Structure formats: structure tokens, C-alpha cells
Amino acid sequence: MLTLFHHPMFATCRFVRLAFGEYGEELALIEEKPWTRRKEFLALNPAGTLPILLAEGDVPIVGATVISEYLDETRGVLKRDKRLFAEDPMQRAEIRRLIDWYLNKAESEVTRHLVRERVLKPVMPETAGGGSPDSGAIRAARANIRQHMKYTNWLAGTRHWLAGSRVTYADLAAAATLSVLDYLGEIDWREHSAAREWYTRVKSRPSFRPLLTDRVRGLSPVSHYADLDF
């Protein structure tokens, strides 16, 4: 069994977990607190970032997109119509664009800040950057949510799945990101009916079930988080 070093509230880690779940691959999960900078952890990835996959032979593969490419090359090519990438180069480019949109753009504008301020800082020591949440950072991140939800709503309203006719890495990247915000109660789904219908379909997939059981100490999810029908 492969091993994933992860944090349950990092969208990049959730993305990798969803991808392995879609392919029916089990993962041994090790929850990592990267701010502690454990020597064993830094030996795997000197950058001190997550996720890290210990692949065959315990070789570390670092980063969500790198792991997804590895997964596609070692498992996805054998999955035919269930492959999470497309065969067509242009479709693959669109999938990669949307992965970047959610795991980089949305992460840098929204998710990273809300997770840091609301989830991490209360449990981190002051020497590692912990302390009271920065209300300004939270307000700025919340102001950016609407743009990303409007775009997701447009994608979901004009396509069957976000990148085309079937589930791809694009859907998993978006779902991983929005699931973190949903856990924190930061999304008003009433304003985005197409995105809500799409998210309900993704949320109902077997690969999503482990994410619905995730809990963070001292911070419970919103009441509808694990409800497949909101």
C-alpha cells in the first residue's frame, strides 16, 4: 500500500486522495503538521510542503500535480474511459488549466488564507506563526470567493462535468478546494445552483466518502457538510 503524508484541510491533499479513490487504490494516510518541521518529514521533502506520496520502493513524490501525473502514467493509462486525463492533447490542456485554477489560483486567493487563519493558527505555537486569526486576511479571502463560485457555476452550467463530458482531474481539483470551504461554511450554495448540483454529484461518489468523515479538532464542519443532498 502506498503512503500519503497529508493534512485533512489542505485542498492539494484532498485532491490526491480523491484521485486514488477514483482508481480504487487504497492509501495509508499519515497526518502531517508541516509547521513542526520534523526531521523525518524534511528528509522526504526539504521544502516542507504537502502532499508527499511514498510510492513504490518508498520513493517520495512531492506535490499534488506531480503525484497526479505519476498516478496517470502508472494507473490511469490502464483505465480507458475511467481515466482522469483525456486522450486528446487539447482536452488534457483544459484539464491542466482547471487544475491550476483551483489548486493554485483559488488556493492563493482564498483557501490558503482561510485555512491558515481559521484552522491552523489556533493550534500552531506562536513561534511557528500561530496566534489570533487575522481578520483582514479573512475578509480579503472571503471577498474573493464569489468570483470563484461564479466561475464554477458557469462551468457547471455549460458542461456536464467541469472539463467536458466525463469526470476528470479538473472536477477533483475543484471539489477538493470547494470541500474545504464548505467544511468551513464559507459557501452560500443558494446563489450557485449549477455548481451545487455538480458538487452534489461529486460529493455522492464513493471516492468522496472518506473526505466527509474528516474532522478538525476544535472546529466542526457546517451541518450539511456530510449530507449528500445538502
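Analyst: The discussion that follows sets values against definitions, topic by topic.

This is a predicted model, in which local features need pLDDT of at least 70 and side-chain atom pairs count only at pLDDT 80 or more, while totals for chains, interfaces and linings use all residues. Residues are numbered from 1 along each chain as its sequence is written, and side-chain values use heavy atoms, with hydrogens and water left out.

User: What makes the pairing of the side chains of D214 and R17 a polar contact?

Analyst: A polar contact is a pair of N or O atoms within 3.5 Å; within protein, one must be able to donate a hydrogen and the other to accept it, and residues adjacent in sequence count only if both atoms are side-chain atoms. The side chains of D214 and R17 make such a contact at 2.8 Å. Under the contact rule (heavy atoms within 4.5 Å), and leaving aside neighbours within four places in sequence, D214 also touches other residues, including P8, R14, Y183 and Y225.

User: How do you know that the span of helix α1 agrees with its number of residues?

Analyst: The expected span is 1.5 Å times one less than the number of residues. Helix α1 (residues 11–22) has 12 residues and should therefore span 16 Å; its end C-alpha atoms are 16 Å apart, which agrees.

User: What makes α1 mostly covered?

Analyst: In α1, 10 of the 12 residues are buried, among them F15, V16, R17 and L18. Just after α1, G24 takes a positive phi of about 70°.

User: Why is the pairing of E22 with R205 called a salt bridge?

Analyst: A salt bridge is a side-chain nitrogen of Lys or Arg within 4 Å of a carboxyl oxygen of Asp or Glu. In the pair E22 and R205, the closest N and O atoms are 2.9 Å apart, and the pair forms a salt bridge. Across the interface of domain 1 and domain 2 the rule finds three salt bridges.

User: Why are R37 and D58 classed as they are by accessibility?

Analyst: R37 has 47% relative accessibility and therefore counts as partly exposed. D58, at 56%, therefore counts as exposed. R37 lies in the loop between β2 (27–31) and α2, and its phi is near 50°. D58 lies in the loop between β3 and β4 (60–62), with a positive phi of about 60° although it is not a glycine. Most residues other than glycine have a negative phi, and most peptide bonds are trans.

User: What makes the peptide bond from L50 to P51 cis?

Analyst: Its omega is near 0°. P51 is found in the loop between α2 (39–44) and β3 (52–54).

Technical notes. Helix = DSSP H or I, 4+ residues; strand = E, 2+ residues; numbered from the N terminus. Buried < 20%, exposed > 50% of the residue type's maximum accessible area, 1.4 Å probe, protein only.
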